[in-house]
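User: I've got a structure here and would like to talk it through. Can you take my questions one at a time?

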Amino acid sequence: MPPEYPKYTERRVAEILRVDPVHPDTAIIERAAACLRSGGLVAFPTETVYGLGADATNTDAVRRVFAAKGRPSTDPLIVHVPDLDSVRPLVSHLTDSAVTVARALWPGPLTLVLPRSGLIGTEVTAGLETVAVRVPAHPVARALVIAARVPIAAPSANLFSRPSPTRAEHVADDLGDAIDLIVDAGATLVGLESTVLDLTSDPPRVLRPGGVSLERLRELLPNVVLRDVQASPTDAMRSPGMLSKHYAPRTPLTLFEGNTQGVLDRIAAEVGVAIERGERVALLGTHEMLARAKQAIGASPAITFLEIGSDSSAAGIASRLYASLRDCDAAGVDRVLALQVADDRGIALAVRDRLRRASAGDIVRC
Ligand code: TXA
Ligand code: MG
């Protein structure tokens with residue numbers, strides 16, 4: 001009789017490889033690249049958020065990306081490459097405006113939607129005739145896309161509809177049992193995803209505000225417009241991933257927008273009602289807004305204050321926002337009341353957009 005071995009359910013646990021964020025170890029990058037080439041799933045840092053990479057030309061690997069994230073197959077992936085020349089085989093043609101913005105802003109947090117060639121399969125593009133491409137700037141992502149020698153399809157490395165990961169720990173929490181490797185280079189810099197610019201429409205349209213500001217794009221393409229999901233359902237169709245519930249904590253989050261005094265009065269009233277019901281609430285906002293809220297409401301053990309940075313630095317807020325949204329769940333509260341950031345210029349536009357999505361449309365205008 002052969003010995004009886006205990007039966008294990010097959011459970012993959014991702015190996016975590018630490019690298020220096022500026023000078024990553026070549027041997028580790030080579031290992032990650034080999035894993036990608038053999039059909040593996042590798043999470044890696046970009047300057048925006050961690051991505052979950054797969055060989056974009058390997059249909060099975062791409063399907064596993066969707067399965068690992070629990071992402072609907074109707075939501076297309078971004079393909080990451082080392083430079084503009086590597087984009088050429090992936091697209092049917094490159095317009096002058098594509099070359100202009102690419103030369104000015106790549107490598108960087110900008111994704112271009114272009115007409116696709118036959119090289120990229122319909123799994124990656126969710127059946128669309130366009131492909132989203134990006135040249136990342138993070139030294140680890142750059143080293144990996146060069147070493148891989150294949151284009152890398154990579155969505156953000158979070159479970160579907162959870163906040164995107166800005167640290168390797170977030171990736172491990174969401175996907176540690178579903179992927180092969182995590183390349184850990186510490187926190188990402190920008191903290192929010194790339195700007196998605198659709199160059200197949202006239203005028204060109206920003207489908208998702210992100211790391212490159214609308215103001216910067218206007219310097220290069222004066223007629224660029226910002227897509228409005230609420231105003232145009234067809235716009236929502238053009239980029240199916242832009243669902244309104246996205247990047248959300250598990251705890252219900254209500255967003256309060258409007259003038260500062262109106263927001264503070266309304267929040268004070270809501271907190272009062274919640275405490276009377278015996279609920280615990282978290283207030284999420286900037287240092288300045290939370291200081292005013294504390295004055296207006298007073299302290300109570302039922303209230304947790306979650307600071308997302310200072311009104312004086314939208315970049316600081318962007319870099320911390322997703323970790324703060326994950327903290328909402330760790331805080332063990334029944335509800336999160338979020339105070340909208342005041343600014344909407346530069347990266348603050350993307351911060352406002354992500355807070356709106358985190359609320360899944362539960363927005364109170366004061
Ligand atoms: O910063 C980023 O963009 C990160 C890092 C990893 O590069 N990636 C990222 O990927 O945020 P993901 O999959 O979470 O978001 C990609 C967005 C989705 O909203 C998707 O709908 C849109 O880009 N997208 C992808 N391909 C598209 C296409 N062909 N047409 C329109 N939108 C597209
Ligand atoms: Mg995502």
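User: How many residue pairs are in polar contact across the interface of domain 1 and domain 2?
Analyst: Keep in mind that this is a predicted model, and the pairs counted here have both residues at pLDDT 80 or more. A pair of N or O atoms has to come within 3.5 Å to qualify. Across the interface of domain 1 and domain 2, that gives 8 residue pairs.

User: Which residues in domain 1 lose the most area to domain 2?
Analyst: Start with the whole interface: about 1,500 Å² is buried between domain 1 and domain 2, and carbon and sulfur atoms give 59% of that. Three residues of domain 1 together make up 37% of what that side buries. They are Pro163, Leu192 and Pro209.

User: Which residue does the side chain of Asp329 meet in a salt bridge?
Analyst: The count of salt bridges between domain 1 and domain 2 is 3. For Asp329, the N to O distance is 2.9 Å, and the cut-off is 4 Å. The partner is Arg162.

User: How far apart in sequence are the parts that Asp174 and Arg162 tie together?
Analyst: The side chains of Asp174 and Arg162 meet in a salt bridge at 3.8 Å, N to O. Asp174 sits in helix H7, while Arg162 is in the loop between strand E7 (152-153) and H7, so the pair links parts whose separation in sequence is 12 residues.

User: What is the radius of gyration of the protein chain?
Analyst: The chain has 13 helices and 16 strands. For 366 residues the globule rule gives 21 Å, and the chain comes out close to that, so it is as compact as a globular protein of that length. Along its principal axes, the C-alpha trace spans about 75 × 55 × 40 Å. The radius of gyration itself is 21 Å.

User: Where is Pro203 found?
Analyst: Pro203 is joined to Asp202 by a cis peptide bond, with omega about 0°. Trp106 and Pro107 are also joined by a cis peptide bond, there with omega about -5°, and Pro107 is in the loop between helix H4 (96-105) and strand E5 (110-115). Pro203, for its part, is in the loop between strand E9 (195-198) and strand E10 (205-208).

User: What is the phi of Arg149?
Analyst: Arg149 lies in the loop between helix H6 (139-148) and E7. Although Arg149 is not a glycine, its phi is positive, at about 60°.

Key:
Residues numbered from 1 in each chain as written. Chains lettered and ligands numbered in written order. Predicted model: local features only at pLDDT ≥ 70, side-chain atom pairs only at ≥ 80, totals over all residues. Heavy atoms only, no water. Buried area = accessible area lost by both parts, 1.4 Å probe. Polar contact = N/O pair within 3.5 Å; in protein donor to acceptor, adjacent residues only side chain to side chain. Helix = DSSP H or I, 4+ residues; strand = E, 2+ residues; numbered from the N terminus. Rg over C-alpha atoms; globule rule 2.2 N^0.38 Å.
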